[in-house]
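Have a look at the model first, and then read on.

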Amino acid sequence: MLEQYLPVRDPVLIFALLVATALLAPALFERLKLPGIVGLIAFGVVLGPHALGVLDRGLEVELLGTIGLLYIMFLAGLELDLAQFIRDRHHSLVFGSLTFSIPLVLGSLMGHYYLGLNWPAAILLASMFSSHTLLTYPIASRLGLTKSRAVTTTIGGTLFTDTAALLVLAVIAARHQGEAGPVFWLRLFAGMALYLTAVILILPRLGKWFFRRASGDGAAVFMGVLAAVFTCAYLAHLAGLEPIIGAFLAGLILNSLIPERSALMNRIQFVGNSLFIPIFLISVGMLVNVGMLAAGTETWKIGLAMVAAGLVTKWLAARGTEKWFSYTTEEGMLIYGLSVNQAAATLAAVLVGFKIGIFTEPVLTGTILMILVTSLSGSWVTDRYARKVALREDEKAYEPATAPHRILIPLANPQTAEELIDLALLLRRKDSREPLYPLTVARAGVNVEERIASGEKLLGYAVVRAVAASVPVSPVTRSALDIQDGILQALVDLRISTVIAGWNARISSHQRTFGRVLDPVIEGSRQMVIVSGCRHPVNTMKRLVIALPPLSERQPGLETALRAVKNLAGQVGASLLAVSTTRTLDRASEMLERSQPQILLSRQVLERWDELLPWLKDTVTADDLLILVSVRKGRLAWQPVLNRLPRLLSQELPGINFAVVYPPEMWWGEEVKTEPEAEDDFCSLYLPAGHIRADLAGSGLAASLELILDPAFSGSPGTARRLAGLLVAVGNSEPVELVPGAVLLHAHVPEVEASTVFLGLNREGWEMPHTTAPARALFLLLSPRDGPPEAHLKVLSELARLLRRPRIVDDLTEAETAPEVLAALRRECPPGEETPRPDRR
């Protein structure tokens, strides 16, 4: 009865079944300790036309599968480490030569003498062993091995061997059809030369033009990239090459235009890894016709011979490369696992050979069997040895002097802004000359100017907080369609090394760890990310408890994270208790003991990681700060419970102070040390003598503001009064107390073309709401309405730095002339002294 409904014809149901399979198959097989890729291929076999017959390999499946194959090759080129690829290009050339020539020679001999094929058929059969498909590349990518030398060598060799194998196919097919004359050769090489020249010369220029004019990493940019990829793939087909070569070249050329950790790269990887690539793997399984193996001994003979040749010759090529360049055994086997898979080029060759009569049906059946066996074995080998390579991958030693320490603090909530700035101040290294980077992101759209202005007010308080601690600060504003995209772009633009963010312990979905903004930032970045859920100031903590999941000692950047935690403990004078399983704790203890400062260290061994939460309930108190070391999904130490722990901690230990630390996954270049700008520059640039009024005693706020502004706007009647009214409203709602007795009123107005500062002095002071003392020194900062927010905030930052000297307000109010006021501002602050910060608690 079911036969009348099968195979499924409705395109919506076909797509639904493919997506459901892509979701369920990997999860099921990973529970069985098998690679998820094996599950996708196996489900394709079962659901395909030669088994249950639920799905037919029709136009819909073939289209999505082809897109998935092209996507794999595109990602391989896009994620390739170009610097290493160019530096070690001879590695790829040697491997490509070996993985093409060894299968070609041995396969030709086997095909002619063992299977009895004529030489053209034997050579074409052998070329199928020479080619391979990067079927298992997603495994290496997920484990962070895209830039390892084994993966880079394999990708470069793939380009060489697949191109050569497809040329063999074109030549033998033309010869068999009697078309291999001079015209064929001229057309073949002319087409290839024209295509490569056009792609190499035109696509980079077109890409730069497009990215410069496109508005952010939005849908238009993503669609533009896809259009470039598939256009290159189709043009490669017209030039006599396979589309996979065009897709790889597109990725290679766009490599330098798409940052590795950008929102655009995340979109590209997400779409491919979650949709197209799984469907391609399912479509590979649907090719397998297990029933044809019962057709006779001839089919078995040819099938087993092809399987053996494919496995052995690829192993010899990988082993030869391993010995040639002194790779480790694990790296050699990783190369083998990546290169043994047969799919795209192999299938193209056998179908062409079968169609023109070179191959018989047993060869076609044997090819399908080879695709199945090599795909399953390649998946297992890659998964097994990629993990070993990841564990053994040598990491560069961390040198504090060579890495810039740039901290980004995304701000959104005024109630937590000061606590986050304080945490950043504690984590900032003493020898760093890098400023702090507080950030606000305004969502683009209607009323974006209003949101930017609101963010600037928040940044103003952050600037005052940081400058009061004699720490340079560089406030940043961004406008983006999505908040997370603005944060991620700032990480790239500013070369940030650490992100400190706050969390209110509320999430909108059980599938999220922190929420729809923080989760994409964590997954889309490689910097150290610290998410703070502290209920009390960090400097009140007596003990820091750091919990490390098993295998986190293998996580790149863990020592950097431990160094930061130990430095935080030293800053607040707290002891440090490390908690983990034995092996992880031993390695973490070594890292902690060799870093500074010297603090009281202790350790707690857990028999199993699932004992952590009960232990925390019994041990951690309100005077402790729990720091949970986590890792991003897909890394060696990742496990699902890490995503749930923050929520569990907030629910089951509601009074606990905790933070989650994601160790960095990248190193930074040499820190650029810059000298601070001279303080005289501020006065000469922004505060001329004509903008200072030192005789305003007895005047009200509105009248005083008009007197301060009037000399600068004397040629525009009514302007000074209008601006004074605007600033009175600012003073009644959002005055910024720089230090007790000194208040700033700032605004964006159309009447000025550049940021400018005014100063009015009154020994009695003006009373204002939200300030701790009357404003005896009243600073006014006016910036152009359409000017960049960073310029406005930079002036605010410099002004706050000028006022850090003790008694600065007294010195200003005692001055009787503008030159005396400027001299007081330019006077240096004695070392170790600073103006007390206003207490707003």
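Keep in mind that this model is predicted. Our first stop is the surface, where V105, L106, L109, Y113, W119, I123, V312, W315 and L316 form a nonpolar patch. Together these residues have about 820 Å² of accessible area. Which helices supply them? At least two residues of the patch come from each of α5 (89-114), α6 (119-130) and α13 (297-324). Helix α5 gives the largest share, with four residues.

Pick out W119, which you will find in helix α6.

Now let's go inside. The largest nonpolar core has 128 residues, and Y71, L125, L145, I268 and F359 are those with the most contacts inside it. Take I268 as an example: leaving aside neighbours within four places in sequence, I268 is in contact with Y71, F74, L75, L78, F222, V225 and I258. There is also a second, separate core of 81 residues, which includes V538, I599, L625 and A815.

Finally, how confident is the predictor? The mean pLDDT of the protein is 81, and 88% of its residues reach 70 or more. Over residues 396-403, however, the pLDDT is below 50, and this stretch has 16 contacts in the model beyond near neighbours in sequence. Residues 831-841 also have a pLDDT below 50, with 30 contacts beyond near neighbours in sequence. Where pLDDT is low, the predicted coordinates should not be read in detail.

Notes. Residues numbered from 1 in each chain as written. Predicted model: local features only at pLDDT ≥ 70, side-chain atom pairs only at ≥ 80, totals over all residues. Heavy atoms only, no water. Core = buried A, V, L, I, M, F, W, Y, C linked by side-chain atoms within 4.5 Å. Buried < 20%, exposed > 50% of the residue type's maximum accessible area, 1.4 Å probe, protein only. Contact = heavy atoms within 4.5 Å. pLDDT = per-residue confidence, 0-100. Patch = residues over 30% accessible without salt bridge, like charges linked within 9 Å, V, L, I, M, F, W, Y side chains within 5 Å. Areas by Shrake-Rupley, 256 points an atom, 1.4 Å probe, with all protein chains shown as cover. Salt bridge = Lys/Arg side-chain N within 4 Å of Asp/Glu carboxyl O.
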